[in-house]
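Hi,

Here is the structure I promised to send over.

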Amino acid sequence: MRLEDLKKELAKASKVFVLTDEQVAGFWLPELKHALDINGAVEIVLEPGESNKDLNSAMRVWDTLHQFHADRGAILVNFGGGMVTDLGGFAASTYLRGIRFVNVPTTLLAMVDASIGGKNGINLESVKNQIGTFAEPMDVFVNPVYLSTLEDRELLSGLAEMLKYGYIVDPNLLKVNTSNYEQYLLQAGRIKKEIVEQDYHEQGLRKVLNFGHTFGHAIEGFTLSKGDPLTHGESVAIGMWCAMRVSVELCGLRQEVLLDYEPKLQMLLAKAGFAFTEDDVKAILPYLDDDKKRHGGQGRFVLLKDIAQPRYDQAVPKNLVEQALVEVARIIS
Ligand SMILES: NC(=O)c1ccc[n+]([C@@H]2O[C@H](COP(=O)([O-])OP(=O)(O)OC[C@H]3O[C@@H](n4cnc5c(N)ncnc54)[C@H](O)[C@@H]3O)[C@@H](O)[C@H]2O)c1
């Protein structure tokens, strides 16, 4: 939607709400309200961080919508990173069985991934995205200017998802780095959009977007439970190494693809200050079992036969899963 059209829709809404977090609000909320011409919008400002993508925050959104008499004509503007767009999409799509929402992503990761595709959700304890909905935002408004205040660590988190598109779809994106990412922004968003359009409810092809995520979500959930979470992108970056390691064994992926990825992994983790031990691997494994249960006991690893040749729904023997985690723990320590 063009900005002018979005502003017209917002002007027609019975009420406009803006959901954001404290950090984004501090930098950009007045600018956003001005840009979208929504100065009278009701603000809902959450504490930042993945640990707030939970039921308490969803309750806060629902309570505020209720308190200000939001009806089906109301619009919720989700202004922030993936934490805000996932949570806000979930809260909007369940309130009154669904009110409209707009995503205005402010992190690289949310611009190229989280804000697109209609998957919304919250975490249950430290299990990622356990509760959620499929519901499309009425619009996604991307303005790269917001990236100017993003910390390096968060930029790297977004780069991980962009590299993922390089491995599963377009090798051009393997060139992405901290100084050239803006030139690949559009292409990355387009890849996500095109895959989602072909398989909205993730019955097949869309699963390739989970490359690195089965391992990644388990690692992210584990670090979340310890109170010192890795970013989503850092977790996925480690997960991609594990998935490639297993792919060498099971799909004949060339070893050199894995070796070429190692410096990229080190770059993506440069700000993480993170290491895990072989004992931690034992604690991560149950998170992978949670994931498996969620999918009817089916293995749902995405592996690579080669670059841009992903294979989804792959079962992986437990010993190979464990071995990949032990090896990656050594590499990043
Ligand atoms: N729905 C999907 O398809 C999908 C896809 C990928 C990831 N996700 C989800 O996205 C979430 C991760 O999103 P994220 O990486 O954007 O994290 P985030 O939303 O937690 O943001 C990271 C940090 O950056 C800060 N921030 C955001 N924008 C800023 C800006 N412009 N300037 C300065 N600081 C800013 C935030 O306050 C926060 O502290 C995870 O919950 C993940 O599960 C969802």
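Let's start with two helices: H9 and H12 are oblique to each other, a word used here for angles that are not under 35 degrees (roughly parallel), over 145 (roughly antiparallel) or 65 to 115 (roughly perpendicular). Before going further, please note that this is a predicted model, where local features need pLDDT of at least 70, side-chain atom pairs count only at pLDDT 80 or more, and totals for chains, interfaces and linings use all residues. Residues are numbered from 1 along each chain as its sequence is written.

The axes of H9 (residues 232-250) and H12 (residues 318-332) cross at roughly 130° and come within 9 Å. Axes are lines fitted to C-alpha atoms, for helices over the stretch in contact, with angles from 0 to 180 degrees between N-to-C directions. Helices (H or I, at least four residues) and strands (E, at least two) are DSSP runs, numbered from the N terminus. On the H9 side, Ile238, Trp241, Cys242, Arg245, Val246 and Glu249 meet H12 residues that include Leu320, Ala324 and Ile332. Contact here needs C-beta atoms, placed from the backbone, within 7 Å. That H9–H12 contact has 9 nonpolar, no polar and 3 charged residues; Ala, Val, Leu, Ile, Met, Phe, Trp, Tyr, Cys and Pro count as nonpolar, Asp, Glu, Lys and Arg as charged, and the others, Gly among them, as polar.

H9 also packs on H10 (residues 255-268), at about 165° with axes 10 Å apart. That makes the pair roughly antiparallel. Trp241 and Arg245 are among the H9 residues in this contact, and Tyr261 and Leu265 are among those from H10.

Now the overall layout. The chain splits into domain 1 (3-148) and domain 2 (151-332), with bounds from an automatic or database domain assignment. Their C-alpha centres lie 26 Å apart, and 17 residues of domain 1 are in contact with 26 of domain 2. On the domain 1 side, H5 (108-114) and strand S6 (127-134) each supply at least two residues, and H5 gives the largest share, 5 residues.

And the ligand? It is surrounded by 31 residues, the closest being Gln23, Gly81, Gly82, Met83 and Thr107 (C-beta atom, placed from the backbone, within 6 Å). H2 (22-35), H4 (82-94), H5, S6 and H6 (152-168) each give two or more residues to this shell. Each domain contributes at least three, and by class the shell has 10 nonpolar, 13 polar and 8 charged residues.

Cheers

Notes:
Contact = placed C-beta atoms within 7 Å.
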